[in-house]
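Here's a quick briefing to read with the model open beside you.

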Amino acid sequence: MKVGDPQLRRNLRAATRGIRQKRNAVVAEVEDWEELRVAGEAIKRDAMGRLDVLLEQLEDAVTRAGGKVHWARDAVEANAVIGDLVAGHDAREVVKVKSLTTDEIELNQALERRGITAIETDLAELIVQLSDDWPSHILVPAIHRNRSEIRDVFARELGLEGLGDDPEELTDAARRHLRQAFLRARVGVSGANFGIAETGTVGVVESEGNGRMCTTLPPVLITVMGIEKVLPAWRDLEVFLQLLPRSSTGERMNPYTSLWTGVSEDDGPGEFHLVLLDNGRTRVLADEVGRDALHCIRCSACLNICPVYERTGGHAYGSVYPGPIGAILTPQLVGVEHAASLPYASSLCGACYEVCPVKIYIPAVLLHLRAQTEKNLAERTAMRALARVFGSARLYERAQGLAKLGQRPARRVPGPLATWTKTRDLPPVAKETFREWWSRERGA
Ligand code: SF4
């Protein structure tokens, strides 16, 4: 159990506390922070309300600018498109910008099955990849590792005996390892923080500059974007480029903000592919309460404030989206029946809502999902009981008898199934069953 790992808890406590303090300080500097949050929420709500139109607008704009758009219904389709593109360029490896969306579709594993190596170039993602581990935080994937653990991983995997655990020495080792990969890569793969429907511009924000290397050096760039990342207009960036860095890394602005529109001659990749991924998002959009989870800009402020996350770490959520946002997004993406415990991984203290830059009311979505989980449980229990009754002639006859007795006083079903009969009466049970009629007419 992760909760019983004192090293993990020390790492998490120190890291989340540090990020929280930085975030609080830079948020306090912005006088109109609340207005910015309101604007962020309004833009996202508007975008989700006309997602179909905006996505087609984005496709048109990207195509006009020389890019190619691919639509992927699920992870299998997305991985097939990307694998075909990489193989079509005879590439055996790709360099990658840190991307939760590619983690969600397990792109690295899919490429590996086709003999293609995906090299993670974000420092923390590289640590996770080299240690054959799994990210435990949206923004700081190796938050569960301290520097002596990282030194051991680098020494072992990069053959750097005698490496110290000084942060500068560690980042220098990673830089030397990655520089060669950037220079020989023929295909770069990225996620996207935003896609602007108006202009066809796609953007990635990051802190290390590795993302810019991936999106500019290789001759081919493939970007995987969840369809909910679309923003209507260029000017919307003004709001999100203020909200995101302050909420995520506690910085006033992102050190590297890379924005590109299609392809340009003699500047950056000569070929650009945008893979628009659904993978359950349209199902989330269909839920009037749950759809707010699609507003998330992956800042991770809700993880850093969450008392449950601070004690368990991200791995306990069993999902690429940990913490409060994972507790509402994952069950909706994969189906509540496959992640039924996640909506309960919360004390409902509401701290996540207080810090969320786009005002997602996470506690309300958690309660909504809990209700669905309980309904599913009640339905499953009822169906199991029905299966037993239908499987036995004796039980079936008894049930018919009971139904006839009970139908006069009860036109409604009580308990958790009450919603079924809230707006309709139970159909009356026939006075005489078919078996009774048969016995009467034809004899036993
Ligand atoms: S739910 Fe809100 S606070 Fe949490 S990661 Fe998403 S945008 Fe950030």
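In which helix is Glu-310 found? Glu-310 sits in helix H14, residues 307–312. This is a predicted model, where local features need pLDDT of at least 70, side-chain atom pairs count only at pLDDT 80 or more, and totals for chains, interfaces and linings use all residues. Residues are numbered from 1 along each chain as its sequence is written, and side-chain values use heavy atoms, with hydrogens and water left out. Helices (H or I, at least four residues) and strands (E, at least two) are DSSP runs, numbered from the N terminus.

**Glu-310**

- Glu-310 is buried, with a relative accessible area of 11%; buried means under 20%, exposed over 50% and partly exposed in between, using a 1.4 Å probe and protein chains only.
- Its side chain makes a polar contact with the side chain of Thr-16, at 3.4 Å. A polar contact is a pair of N or O atoms within 3.5 Å; within protein, one must be able to donate a hydrogen and the other to accept it, and residues adjacent in sequence count only if both atoms are side-chain atoms.
- Leaving aside residues up to four places away in sequence, Glu-310 touches Leu-12, Arg-13, Thr-16 and Arg-20, where contact means heavy atoms within 4.5 Å.

**Around the ligand**

- The residues surrounding the ligand include Cys-296, Cys-299, Cys-302 and Cys-356, along with Arg-298 and Ser-300; a residue is near a molecule or strand if one of its heavy atoms lies within 4 Å of it.
- By class, this shell has 10 nonpolar, 1 polar and 1 charged residues. Here Ala, Val, Leu, Ile, Met, Phe, Trp, Tyr, Cys and Pro count as nonpolar, Asp, Glu, Lys and Arg as charged, and the others, Gly among them, as polar.

**Helix H4**

- H4 covers residues 75–88, and its 14 residues should span 20 Å at 1.5 Å a residue; the end C-alpha atoms are 19 Å apart, which agrees. The expected span is 1.5 Å times one less than the number of residues.
- Just after H4, Asp-90 takes a positive phi of about 55 degrees.
- Buried residues of H4 include Ala-75, Ala-78, Ile-82 and Leu-85.
- The partners that the buried residues of H4 pack against include helix H6 (107–113), strand S1 (68–72) and strand S7 (220–226).

- 7 of the 7 residues of S7 are buried, so the strand is largely enclosed by the rest of the structure.
- Val-220, Ile-222, Val-224 and Gly-226 point one way from S7, while Leu-221, Thr-223 and Met-225 point the other way.
- S4 runs parallel to S7, joined by 4 bridges, and Ser-190 stands opposite Thr-223.
- S10 also runs parallel to S7, with 7 bridges; Val-224 has Val-275 as its bridge partner there.
- Ile-227 is in the loop between S7 and S8, and is buried at a relative accessible area of 5%.

**The open sheet**

- 4 strands form an open sheet in the order S8-S5-S6-S9, with mixed pairing; two strands pair if DSSP finds at least two bridges between them.
- S8 (230–231) and S9 (256–261) are the edge strands, each pairing on one side only.
- S6 (residues 201–206) and S9 run antiparallel, joined by 6 bridges, and Gly-203 stands opposite Leu-259.
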